[in-house]
Amino acid sequence: MEGMLYKWTNYISGWQPRWFVLDGGTLSYYDSQEDAWKGCKGSIKISVCEIQVHSSDSTRVDLTIPGEQYFYLRAINAAERQKWLVALGTAKACLTDNRTKREKELQENTEALKTKMSELRLYCDLLLQQVNKIKENDELGDTVETGIDTGNMVKSTCTTFLKTLEECMQIANRTFSTDMATQSPPGSPPVAAIKPQKVCYSSYIDEANGNSSVHEQPADPTLHTTQNTSETEHYESPAEEDEDSEVGETEQEQKHKLDQSQEEHDNNNKEVNAAVEPQHQQEAVPDQEEAQHEGETRRDSTESEDTEQVETFFSTMSHRFSDIRLDDDNGIPTQEFLDSCYAIVPVLDKLGSTVFAPVKMDFVGNIKKINQKLMSDPDNFPTLQSIVLHEIHTDVAQVRNSATEALLWLRRGLKFLKEFLSEVNAGNQDIQGALNNAYGKTLRQYHGWVVRGVFALALRAAPSYQSFSAALVSTEGEEKKSGFTSGMHRDLGVYLPAMERQLGILDVLYEEYNLESDEVV
């Protein structure tokens, strides 16, 4: 069912007409029926909300998730409200059985996760005691036998700790394997899905050296990841299983790497600004001409190759950072920025909807906090800077769950995605390595050793380059076309610089008002 309802916005704007659509157990609303293509403004799950009719207003119906979400709605008349009540009630009744089962599973998994977390805290305390014991033995000069015994105890405790951590990850996988974790924000372009990979947990975390990298016996000895931020080695993996995997590069790969190296050198000597978009578009033209020329040459021989231009996820997004037009004083429009943030969230699904579900939920949660601030007074918060400055003047900028804090963590999450996509754009086909490098440059310094360990284990489920590429096209199989690589390079060449510029503007703002935080989670 769909139709127009009045929604309560705030005390300034009051009741405003919105276009509502009830589909699949979810009620979504849009500015108007004509603007539905822009993506919904918000949504609520009928299965978990309370449906209430007003005691005196015959046209009003309230949908609430206590402590989380509130939709105060009015129909045009009492008859129209009755139609909506029937539709909402029917949707809720159809979903009751599934909701009850899901609630039971969530409750069981939550209790199991709490138990395992308690065990982790116990083993953590035990490890600290044993480490202190080793220090005391070293100071007192105890015998070698005593040191060996203590070391064996530490080894046993570490093994138990890692096993319990693995069990926590398994419980989390079951908990976040639902549609809540796999759904992409409304308005996202259709893309292919990644086939899940099995996770190998035969790993350990080298925290003694402050390094959260995962070390294991690799399944493929040709794959290797280095965390040296000054120098990155890239190893090419075969595009097909039956292709020759011996060391060596084709002429096309060598030419592609040479083009990438030259473009990176040019970009390093140019300031990122609004003119970067046409620049990359101009640079894409000769690349396409060269690809067409190569295709004509090959068609003269025994082989033919498809050089059709391929549309990628980044060229079909509903909202892009490269489409945002800044104000004269570099003000970043709030709504356009949040829409672009929502549009990039599906990349986390493509990396693994299960293991990256907590990251996605935190990312989306920060977007919602900022959006709630915007909705509280849209006229006074047209830009992100206006929100931050308002909270500074009202002394709430550094209060827990403020919009300023949410923007701080959202900014860090965007930097992580930018660094990862930059590595992929530079030719790194080791997805796990690219994620690890991006994490080390951005989020790692703000995470405690437990979160680092969980993140390191999550990286083990990262997809292969072939699977990740297959999820970045709108039509299955297009990732195998010759135009896919140039298309990705073209689209990211426009998208990433615009994203980097806006993050740089926010960096300056937070540094100017000393809003950065070294708090570790």
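A: Start with aspartate 323, which counts as partly exposed at 37% relative accessibility. For that label, buried is under 20% relative accessible area, exposed is over 50%, and partly exposed is what falls in between, worked out with a 1.4 Å probe on protein chains only. The partner of aspartate 323 is arginine 320, and their closest N and O atoms are 3.1 Å apart in a salt bridge. Such a bridge needs a side-chain nitrogen of Lys or Arg within 4 Å of a carboxyl oxygen of Asp or Glu. Arginine 320 is partly exposed too, with 24% relative accessible area. The general idea is simple: side chains of opposite charge can pair when their charged atoms come close.

Before going on, a word on where this comes from. You're looking at a predicted model, where local features need pLDDT of at least 70, side-chain atom pairs count only at pLDDT 80 or more, and totals for chains, interfaces and linings use all residues. Residues are numbered from 1 along each chain as its sequence is written, and side-chain values use heavy atoms, with hydrogens and water left out.

Now for a pair that reaches further along the chain. Arginine 400 and glutamate 519 form a salt bridge whose closest N and O atoms are 3.0 Å apart. These two come from distant parts of the chain, 119 residues apart: arginine 400 is in the loop between α9 (384–393) and α10 (403–425), while glutamate 519 is in the segment after α14 (483–512). Those helix names are DSSP runs numbered from the N terminus, where helices are H or I with at least four residues and strands are E with at least two. Arginine 400 is exposed, at 53% relative accessibility, whereas glutamate 519 is partly exposed at 37%.

Next up, lysine 441 and glutamate 423. Their closest N and O atoms are 3.7 Å apart, again a salt bridge.

Altogether the count comes to 17 salt bridges. What about disulfides, meaning pairs of cysteine sulfur atoms within 2.5 Å? The count there is zero. As for individual cysteines, cysteine 40 is buried at 18% relative accessibility, and cysteine 341 is buried at 0%.

So much for charges; now the nonpolar side. In soluble globular proteins, nonpolar side chains tend to be buried together. Here, the largest nonpolar core has 64 residues, and those with the most contacts inside it are Phe314, Phe337, Ile344, Phe363, Leu414 and Phe420. Helix α14 gives the most to this core, with twelve residues. A core like this is a set of buried Ala, Val, Leu, Ile, Met, Phe, Trp, Tyr and Cys residues joined through side-chain atoms within 4.5 Å. Zoom in on phenylalanine 337: leaving out residues up to four places away in sequence, it touches Phe321, Ile324, Ile332, Leu384, Leu407, Leu410, Leu414, Gln502 and Leu506. Apart from the 64-residue core lies another, of 19 residues, including Phe20, Leu27, Phe71 and Ala91.

Phe363 brings us to helix α8, where it is one of the buried residues, along with others including Val364, Ile367 and Ile370. A contact, by the way, means heavy atoms within 4.5 Å.

Among contacts between residues at least 6 apart in sequence, 66% join residues at least 24 apart. The mean is 74, and 70% of residues reach 70 or more. Over residues 268–289 the pLDDT is below 50. It also stays under 50 over residues 178–258.

Notes. pLDDT = per-residue confidence, 0-100. Disulfide = S-S within 2.5 Å.
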